[in-house]
Amino acid sequence: MKTPGRGVPHSVRSLAEASGVSRSQVGRLVSGDLVALDVMKAHRIAEALGVAVLVLFMPPVSPETCQPDIVT
């Protein structure tokens with residue numbers, strides 16, 4: 001798993017233990033099989049990672065939407 005906000009790498013197991021969310025649910029979130037989560041569990045995962053809960057669930061930025069307008 002990528003290094004989270006506090007700079008501490010987590011495995012699925014260590015994140016599950018740190019957040020109190022089941023390994024199954026954390027694994028399914030990481031793999032993309034689970035796209036929604038109870039709000040309290042989302043907050044516990046965010047707290048364990050040291051990031052805002054919105055950071056966890058924001059959609060990835062598409063390169064097409066990040067292109068600056070070119071004025072000619």
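Axes here are lines fitted to C-alpha atoms, for helices over the stretch in contact, and the angles, which run from 0 to 180 degrees, are taken between N-to-C directions. Bear in mind throughout that this is a predicted model.

Begin by selecting helix 1, residues 12-19, together with helix 3, residues 39-49. The axes of these two helices lie 8 Å apart, and the packing angle is about 110°. Because angles of 65 to 115 degrees count as roughly perpendicular, helix 1 and helix 3 are described as roughly perpendicular to each other. Their crossing is right-handed.

Next, show the side chains where the two helices meet: on helix 1 select L15, A18 and S19, and on helix 3 select R44, I45, A48 and L49, which they contact. Sorted by class, this contact between helix 1 and helix 3 comprises 5 nonpolar, 1 polar and 1 charged residues.

Now move to R13, which also belongs to helix 1. With a relative accessibility of 48%, R13 counts as partly exposed, because that class lies between 20% and 50%.

Is H10 buried or exposed? H10 has a relative accessible area of 13% and is therefore buried, the cut-off for that class being under 20%. Display S14 as well, and you will find a polar contact of 3.1 Å between the side chains of H10 and S14.

Methods
Residues numbered from 1 in each chain as written. Predicted model: local features only at pLDDT ≥ 70, side-chain atom pairs only at ≥ 80, totals over all residues. Heavy atoms only, no water. Helix = DSSP H or I, 4+ residues; strand = E, 2+ residues; numbered from the N terminus. Buried < 20%, exposed > 50% of the residue type's maximum accessible area, 1.4 Å probe, protein only. Parallel < 35°, antiparallel > 145°, perpendicular 65-115°, else oblique. Left-handed = near helix turned anticlockwise from the far one by under 90°. Contact = heavy atoms within 4.5 Å. Nonpolar A, V, L, I, M, F, W, Y, C, P; charged D, E, K, R; others polar. Polar contact = N/O pair within 3.5 Å; in protein donor to acceptor, adjacent residues only side chain to side chain.
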